[in-house]
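Take a look, then follow along below.

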Amino acid sequence: MNKYTVINPPSDFKVINTHVHNIDGVAKVTGRATYTFDVKLPNMLYGKILRSPHPHAKILNIDYNKALQLRGVIGVATGKDTLGVKQGIWRRYQDLCDEQILPVDKVRYIGEPVAAVAAITEEIAEQALNLIDIDYEVLPAVYEPMEAIKKDAPEIHEGFERNINVTRHIEWGDVEEAFEEAEYIREDWFKCGGQAHMCMETRAAVSDYTPDGKLTIYHSNQSPYYMQGLMAGVLGMREGDIRIISTYVGGGFGGKFELDGAIFCSAVLSKKLFRPVKIVFTREEDFIATKRRTPMFYYVRTGVKKDGTFCAREAKVFTNGGAYTGMGATALYLTGFFHSFPYRWPGYRYDGYRVYTNTLPSTSMRGFGAPQAMWCSEQQIEWIAADLGLDPIDMRRKNSHYEGYEVPGQATIASCGIDQCYDEIKKWIASKGKLPPNRSIGLSACGFMSGGIFNWFDTPYSFSSAVVTINQDGTVELHVGAQEIGQGSNTTMAIICAETLGVKIEDIKVHSGDTDHCPPDLGAWGSRQTLMSGNAVKMAAEDAKKQLLEFAYAQSGLNIVYDLDIKDRWVHAIARPERGYDYGELVKKALRGKDGQRIVGRGYYTPHRKGMISPAYSYMLQGVEVEVDEETGKIKLVDTMTAHDCGQPINHLGLIGQLEGAFSMAAGYGYLEYMPYEDGKLMNPNLVDYKMIRATEMPPANIAEIDTYEPEGPYGAKEAGEGLTNPTAAAIGNALFHRFGIQLKECPIRPEMILNGLKEKAGQDKAAGKDKPGKKK
Amino acid sequence: MINDFNYLRPGTLKEALAMYVEHDDCKVICGGQSLLIVMRQGMLTPEYLLDIKHVKELDYIRFDKKDGLKIGTTTPHRAVEKSDVVKQNYPVLVAMENKLASIQVRNWGTIGGNLAHADPAGDPAPVLIALKATIKVGSAKGERTMPLEDFFVDYFETALQEGEIVLEVQVPVCEPKTGAAYQKFNLLESDMGVIGVAAAITLNGGGKCKDVRVVLGNAGQKPIRVKRVEELLIGKTLNEGLFAEAGTIASEDCDPVADIHASEEHRRHLLGVLTKRMLQQAWEQTKG
Amino acid sequence: MEKKKLRLTVNKQEYEVYINPKALLVEVIRDEIGLTGTKRGCDTVSCGTCTLMINGMSVKSCSILAMQAEGAEITTIEGLEDNGKLAPIQKAFIDHGSYQCGFCAPGMIMSAQALLNENPHPTEWEIREGIEGNICRCTGYNSIVRAIDATAKGAYKEDRS
């Protein structure tokens, strides 16, 4: 059903990369896991949000007196009940903090929250929305970036000329000279769609403000620390007076580490009414009022030599930023950076423009701009190979990154398994033999970051922290700020802790998702936690072990040249592993020796001098076998193989789950999850018309895991799970190219586009006097 | 948000029909798989909801070699899907049910409710019309039967008169040398169809086409029985060329909408392709 | 709206509640009876997180009026375990890592259990069809299919000792 092979088998770990069960398994498979969606507090009210029906309008007046008179309505909040703070997650750059949730001046997208009601039941709150009268002065609106940058386009944010919100420039080498060296140049325009995060748990928050000035918020998010910091900013409170609890989170995928309407409105209401207020988004609200993946327009010009050596690339990108910045500034940078991956470019230039429009703001979503980048880059590379009559794998291979390579001015590649990835995919293709006539294979390579080095949040804290405390019975309390959102973070941290400390996984109890009890951590985004939080955990566990072993050394009387270690709860001399004693004994001795104080180990990690983007990069090559019905344009995914380098795999089950899950999301981006807007309105804000891949569409997802060693990562580990969202759309496009010769510039690929492409190609071939279209692979 | 309503739960059909007449502004609910969505959106706000889900006497599948198949209105889709007698005699119905929504919906949703909802994208209607089904409806005053294609009037509108509910779907015994096929075009396996085509062919003793029906789903306000295809094929020796021609006719004799899933042109194209294919499949079955 | 009395049998326990007749089964299960394992994730009978079993068959409780479930045997995720012993399908999910964020897991497991109730030896395709009504955003489904397959093959036979 599924093949998982490992190239370069791992070393002798006791816990790392073994068949460890997710530690939250029992809670999740028995219905015991309590998500924010399930939280109920005493005296709790239910909140509902009134949203703007206009894409761009001045708010003239809000009259909610009638709503207050409805029996059961306890209060209404609008922007007037807030401090009017314009917030944003890029705290370091104040001009990018442009979003006042519950605005007072104007609304900038359909669905923007304008007022919020709290009532004793959800139904009454919803009825109350109809009793709020808002006078708007409708303003002209603009929806597409290419329209919004025109001189006469409506101004969406004051002070942003031509609605250009952020620009990014990446350049190295002498690009003009590099293009001169090229013997073949190709340029193309592409369009990349948006995508909804579609977390199974919609946005949800329960805010509880109490008369002692403390605010507790249960919230479904990817970073309790960010929420704490951002809420402190918008409410004018101290971070320490705010507690964020996010024990179980029903998915994040990049959409839940900014403030959302649920957390903000519930907190404002609770602060006004001194009662807990719960707001849960309906699925429709989740579609129309939570930020989405950034749609992008890409211009790519690439120059190569006739033998396939890459010379130069130039890319210009306009992104549809929507109404506010969010994490869009990062997506703008990363798309331009990963557009170069995984290849060496003597000359490279990227100019990105993020444009405000009156549509749903776009932000980060798993892949963070890289799926869009690969859609363009990996297809164009395939077309270039075909234009020049070169083998697409060999052409990629000769230009790829390698260990030690320096992306000029940007990054040093300290570990890179891409070369072996090519071998594995070649093997897979060969094993397939001759494909049936209605099927073809497409490939895509890519790479991704393991966390970012930028401190745009302007935190004074280490990026990750961890505390290890050893109890008298040998059980371990592991406190991390790393956030569990389903990716297996709790388990991965427990594995690293257990391996480092030398105990069993069952001995570790992970504390996360509560700012009152856990150290700060930037949270789950940008695939940072395995490397960054993992390093913090490793350091904390090493610290604890060192303190423990001091007592072992003291009583062992060993010669100074010998070392002790703990493995699998066995304290022993490394040179003489058969002689030792149980770790539990040592713990008791250490406790007594420290006057009854538990051993506490501390660890933290912040990347230093690691280039412009990330301390480490994962690599992969994916092949997708696609069947297309050429009369209807229907796509079926038949099989897939991904050769993947994430350094040292830590959480084996988690890794497979991440690879398969990323594929399903990436495939959705490639051919299913169409998100059309008309005049600023999303046309399919429901799961009937927004197509989500199901078990019947998912092909087997074979994996060849290339183990490399990343020096910056804990035990050599780097990211897995986000990078894999990058290649699939392009791979599907390339499969279609190989079968039909059509070059699809827009994703998601839709049946009509295929049929139109075939018609167009047939017309071109006829004009050129050719026979049947398509190059067989 | 669903409006407040008074809930009526009859035990027998007689009670149900009596209650239906007694109460104004009353809507019938059975499986509710479509109705509750519509009510939740506020598009229907009846004062009374008459729940016939547990009227057991309407939950049946009966077959005999003379009168054919009779399915009671509260029979769940899943029962039809799993029925041996349906599989043996009308395998196309089983195939259609297998791709309808999800197992959960088929376990609770009913075939009568589906037909009464009259969603132009509904799967059962085109197939049943292709099989020459009739539908029996009744009220406290009496019963009547009509060809199923006459039951559909417009988008979500049927020929049910005041006080009437769907009682039974009747499918006549298929003549010998009959084959039938149904397919819808969608991106996901059991998604509702962008369009759907059902075809049934009966050959005569000499191997020529004795009877044919092609019924298009989601191609207009109601299922469309393409009469011109019947005129084209009846009496002829069938071949692929004729099927392609039939496809062209089908793509013309319909009124599909344009929406985010497909343009009108694409829908017409798909209707043509699937008509050709379903005729081909139905024809192949007649030989078997 | 006057509340109506409703008797529901959930996980072999009879409950008596008073509800507005328009209350959906998922609302009554979660809010009146207090079993929050069953979730809700959409308004269009699409996502499957509200899946539970009525008389052993999987149904979506968001599109069933609670009143309609009177007299039936309802099983929710909480009812699968037996005095602290997990059902084989639950053990399989843990062993195969067939969940990640876990929000879809209760509904998915109920669909899986209902499938195995009806078809103890499903093929791979039948398994995929069996969970087709349940969306998972995290796993890509294959680990779920493996877990159901292993359960069907007896790998997690209940330990009655």
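Predicted model: local features only at pLDDT ≥ 70, side-chain atom pairs only at ≥ 80, totals over all residues.

Q: Which strands stand at the edges of the open sheet of 6 strands in chain A, and why is one side of each left without a neighbour?
A: The sheet has mixed pairing and runs in the order S8-S17-S16-S15-S9-S34. Strands here are DSSP runs of E, at least two residues long, and helices are runs of H or I, at least four, both numbered from the N terminus. Each edge strand has a single partner strand, so one side has no neighbour in the sheet; these two are S8 (164–172) and S34 (746–747) of chain A.

Q: In the hairpin of S25(A) and S26(A), which residue takes a positive phi near 60°?
A: Strand S25 (residues 564–567) and strand S26 (residues 570–573) of chain A run antiparallel, joined by 4 bridges, and A:Leu564 faces A:Ala573. Their hairpin has 2 residues between the strands, and the one with the positive phi is A:Asp568.

Q: What is the bridge partner of A:Trp570 in S27(A)?
A: S26(A) also pairs in the antiparallel sense with strand S27 (residues 576–582) of chain A, over 4 bridges. A hairpin of 2 residues joins S26(A) to S27(A). The partner of A:Trp570 is A:Asp582.

Q: How many charged residues are on the side of chain A that touches chain B?
A: Here 16 residues of chain A are in contact with 11 residues of chain B, contact being C-beta atoms, placed from the backbone, within 7 Å. Ala, Val, Leu, Ile, Met, Phe, Trp, Tyr, Cys and Pro count as nonpolar, Asp, Glu, Lys and Arg as charged, and the others, Gly among them, as polar. That side of chain A has 4 nonpolar and 3 polar residues, and the charged ones number 9.

Q: How many residues of chain A are in contact with chain C?
A: Chain C's side has 18 nonpolar, 14 polar and 11 charged residues. Its 43 residues are in contact with residues of chain A numbering 48.

Notes
Residues numbered from 1 in each chain as written. Chains lettered and ligands numbered in written order. Contact = placed C-beta atoms within 7 Å. Pairing = 2+ DSSP bridges.
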